[in-house]
Amino acid sequence: MRLRTMSVTAGVSALLLLTGCGAADMTKQASPFAGAQGAGTVTLSVQSWVGAQANVGVAQYLLEHELGYRVDTVQVDEVPAWDALSQGRVDAILEDWGHPDQEKRYVEDKKTIVAGGGLGVTGHIGWYVPTYFARQHPDVTDWKNLNKYAGRLRTAESGGKGQLLDGSPSYVTNDKALVGNLKLNYQVVFAGSEAAQITQMKQFAKEKKPFLTYWYSPQWLFEKVPMTEVKLPAYKEGCDADAAKVACAYPHTPLQKYLNTDFAKNGGRAAAFLKKFKWTTEDQNEVSLMIANDKMSAQEAAKKWVDSHPSTWRAWLS
């Protein structure tokens, strides 16, 4: 992904913000409790987007209130999170959108990380326009017609070209390559974070202005700002193998969990619980909406979800 760094999420305790530079050194700043023998502590990597924070919020709540662990959380960019996990600086990543290079290095070759099973949620990245604009101009939903609307989608930040709004520069995307390879008269403009991107989209929607944006599902914002996907050239296996030559849509990706190998073997009930942690897109969006829209802390949202879904989470503890 994207997936994708933004500000520290309210309610996620002891959150340490790390940047994408100097990954090997940064992991040394992670929780000193990670991998501590007999400490009864679990350290989870929490990604910057709200859906990932929802995962960690619920996992943290149940680990603490049902299993008696202390949970530390560390915010790390996508690729450095794999380095931290390999070194045992964090114990688990609960939402990964696919990093084949890291999988080969750490899972297949070094064997310092093991797969923790599917999260139960399928992720998809794409380009979207607001549905009110798509209804007025149905042909905008075909990439071949985007240049026709470049003038309507121009902003001060995009200069004389149309604007393709992205989130954080740290997100792993194909957008610049797609714009160039599809010969589109657009400029990728970074909002800076998921939060800033959401703020811009909500403002555009309030004013009923058109916009074109990189976005992804699952995502709670679709309930507040209905959007329609622009059809890019169909995804085929391997079409994105060369990042510089990508000219196809993003794939649909079953999101995965990964655990540090030692933790997976010796993490007891905590490791077993995280392997069983699996919920639906609707579950994740329910908690995400409480965090992002209702301004609840991650733990408040988690408690509300846990109280109303006992039949779901009790299976994770068995």
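**View 1. Contact of helices α11 and α12.** In α11, the residues Trp 305, Val 306, Asp 307 and Ser 308 meet Pro 310, Thr 312, Trp 313 and Trp 316 of α12, where contact means heavy atoms within 4.5 Å. The model is predicted, so local features need pLDDT of at least 70 and side-chain atom pairs count only at pLDDT 80 or more, while totals for chains, interfaces and linings use all residues. Residues are numbered from 1 along each chain as its sequence is written, and side-chain values use heavy atoms, with hydrogens and water left out. Helices (H or I, at least four residues) and strands (E, at least two) are DSSP runs numbered from the N terminus. The axes of α11 (residues 298-308) and α12 come within 6 Å and cross at roughly 95°; axes are lines fitted to C-alpha atoms, for helices over the stretch in contact, and angles run from 0 to 180 degrees between N-to-C directions.

**View 2. Contact of helices α9 and α12.** The axes of α9 (residues 268-276) and α12 (residues 310-317) cross at roughly 135° and come within 7 Å. Helix α9 is therefore oblique to α12. Arg 269, Phe 273 and Lys 276 of α9 make the contact with Ala 315, Trp 316 and Leu 317 of α12. By class, these residues are four nonpolar, no polar and two charged; Ala, Val, Leu, Ile, Met, Phe, Trp, Tyr, Cys and Pro count as nonpolar, Asp, Glu, Lys and Arg as charged, and the others, Gly among them, as polar.

**View 3. The largest cavity.** The largest cavity has a volume of about 50 Å³, a volume being the space filled by probe spheres set on grid points that are joined across faces, edges and corners. A cavity is a set of points, on a 1 Å grid over the protein atoms alone, where a 1.4 Å probe fits but cannot get out, and lining residues have an atom within 4 Å of a point. Twelve residues line the largest cavity, and Gly 51, Pro 218, Gln 219, Trp 220 and Ser 288 lie nearest its centre. Helices α2 (50-65) and α10 (281-292) are the elements that give two or more residues to this lining, and α10 gives the most, with three.

View 4. Trp 220 lies in the loop between β7 (212-217) and β8 (227-230). With a relative accessible area of 3%, Trp 220 is buried (buried means under 20% relative accessible area, exposed over 50%, partly exposed in between; 1.4 Å probe, protein chains only). Beyond its neighbours within four places in sequence, Trp 220 is in contact with residues including Val 50, Ile 198, Asn 285 and Ser 288. Pro 218 lies in the loop between β7 and β8, and the peptide bond from Ser 217 to Pro 218 is cis, with omega near 10°.

**View 5. Asn 174 in its loop.** Asn 174 lies in the loop between β5 (162-166) and α6 (175-181), and counts as buried at 16% relative accessibility. Not counting residues up to four places away in sequence, Asn 174 touches Asp 240, Val 246 and Tyr 250.

**View 6. Two lysines with positive phi.** Lys 208, in the loop between α7 (194-206) and β7, has phi near 55°. Lys 295, in the loop between α10 and α11, has a positive phi of about 60°. Lys 208 counts as exposed at 56% relative accessibility, and Lys 295 counts as exposed at 66%.

Note on methods. Parallel < 35°, antiparallel > 145°, perpendicular 65-115°, else oblique. 1 Å grid on protein atoms, 1.4 Å probe; cavity = no way out; pocket = protein on both sides within 12 Å on 5 of 7 lines; lining within 4 Å.
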